[in-house]
Amino acid sequence: MEFFLIGQDRRYKNPPVLYDFVQRFYPNLFCPEECRRIPDKNVVYAQSERPLDFLDVISGPVCLVSETVKRVLQAYDDTIVFKMFFILNTLADEGAPYYAPVLPKLDCIRQEGRGREASLAIDCKKTGRSYVCRDGGDAFRNRLIVNLDVAESLLRRDLKGIAYQRLEGKRWRNI
């Protein structure tokens, strides 16, 4: 199976930056075992005098996705729990709803090689037949891992601000 790491496209200069998010919603709560401690609907704040770029994927303290991305993910895995976060820009009077997917943490990505030759590899044995998952390591916790079917479905839509990175599928031994 082919997998892709998706996250926020860093070329956009004014995405929402959430204030006091980590103090209110600790990122480790976004797993199936702890998600009951997060309310289903929340308001979070951004403060920018310029209009914000409301992207379809925001890699902030946690990964947040737009309504369109949420519908695509649900089409492939209807067991995913989503917590709603309305991002309100208090200085420019604008806002948009986003959703945080609550996914189990898998230790499935490793970096292979160094420098320019470095690539990311995914352990296909650990992901199983999952269409959507996330890595348990801190380096990739703000991004989602999706298989080729989900990535193609996302690409067919007119989405804004998603960066895709192909992962090499491998099986490795635990050392």
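Q: Helices (H or I, at least four residues) and strands (E, at least two) are DSSP runs, numbered from the N terminus. At what angle do helix α2 and helix α4 pack?

A: This is a predicted model with residues numbered from 1 along each chain as its sequence is written. Local features need pLDDT of at least 70 and side-chain atom pairs count only at pLDDT 80 or more, whereas totals for chains, interfaces and linings use all residues; side-chain values use heavy atoms, without hydrogens and water.
Two packed helices are described by the angle between their axes and the distance between the axes. Axes are lines fitted to C-alpha atoms, for helices over the stretch in contact, and angles run from 0 to 180 degrees between N-to-C directions. Here, helix α2 (residues 67-76) packs against helix α4 (residues 148-155) at about 150°, and their axes lie 10 Å apart.

Q: How are α2 and α4 therefore directed relative to each other, roughly parallel or roughly antiparallel?

A: Angles under 35 degrees count as roughly parallel, over 145 as roughly antiparallel, 65 to 115 as roughly perpendicular and the rest as oblique. The pair α2 and α4 is therefore roughly antiparallel.

Q: In which crossing does α2 pass α4, and which residues make the contact?

A: A crossing is right-handed if the near helix is turned clockwise from the far one by less than a right angle, and left-handed if anticlockwise. The crossing of α2 and α4 is right-handed. Contact means heavy atoms within 4.5 Å. From α2, the contact involves Val69, Val72, Leu73 and Tyr76, and from α4 it involves Asp149, Val150, Ser153 and Leu154.

Q: How do the residues of the contact of α2 with α4 divide into nonpolar, polar and charged?

A: Ala, Val, Leu, Ile, Met, Phe, Trp, Tyr, Cys and Pro count as nonpolar, Asp, Glu, Lys and Arg as charged, and the others, Gly among them, as polar. In the contact of α2 with α4, six residues are nonpolar, one is polar and one is charged.

Q: Is Ser153 buried or exposed?

A: Buried means under 20% relative accessible area, exposed over 50%, and partly exposed in between (1.4 Å probe, protein chains only). Ser153, a residue of helix α4, has a relative accessible area of 4% and is buried. Apart from residues up to four places away in sequence, Ser153 touches Val72 and Tyr76.

Q: How many salt bridges does a search of the whole structure find?

A: A salt bridge is a side-chain nitrogen of Lys or Arg within 4 Å of a carboxyl oxygen of Asp or Glu. The search finds five. One of the salt bridges joins Asp9 and Arg11 at 2.7 Å, N to O; Asp9 is buried at 8% relative accessibility, while Arg11 is exposed at 67%.

Q: Which distant parts of the chain does the pair of Asp40 and Lys83 link?

A: The side chains of Asp40 and Lys83 form a salt bridge at 2.8 Å, N to O. Asp40 belongs to the loop between α1 (21-24) and β3 (41-46), and Lys83 to strand β6 (residues 81-89), 43 residues apart. Asp40 is exposed, with 53% relative accessibility, whereas Lys83 is buried, with 4%.

Q: How far apart are the closest N and O atoms in the salt bridge of Glu67 with Arg71?

A: They are 3.8 Å apart. Both Glu67 and Arg71 belong to helix α2, four residues apart, which is about one turn of the helix. Glu67 is partly exposed at 31% relative accessibility, and Arg71 is partly exposed at 47%.

Q: With which residues is Asn147 in contact, leaving aside its neighbours within four places in sequence?

A: Asn147, located in strand β12 (residues 144-147), contacts Met1, Glu2, Phe3, Ser130 and Tyr131. Asn147 is buried, at 2% relative accessibility.

Q: Where does Ser66 lie?

A: Ser66 is part of the loop between β5 (63-65) and α2. Ser66 is buried at 9% relative accessibility and, not counting residues up to four places away in sequence, touches Asp56, Tyr98 and Tyr99.

Q: What is the phi of Asp20?

A: The phi of Asp20 is near 60°, a positive value in a residue other than glycine. Asp20 sits in the loop between β2 (18-19) and α1 and is exposed, with a relative accessible area of 51%. Asp93, also not a glycine, has a positive phi of about 50°. Asp93 is in the loop between β6 and β7 and is exposed at 73% relative accessibility.
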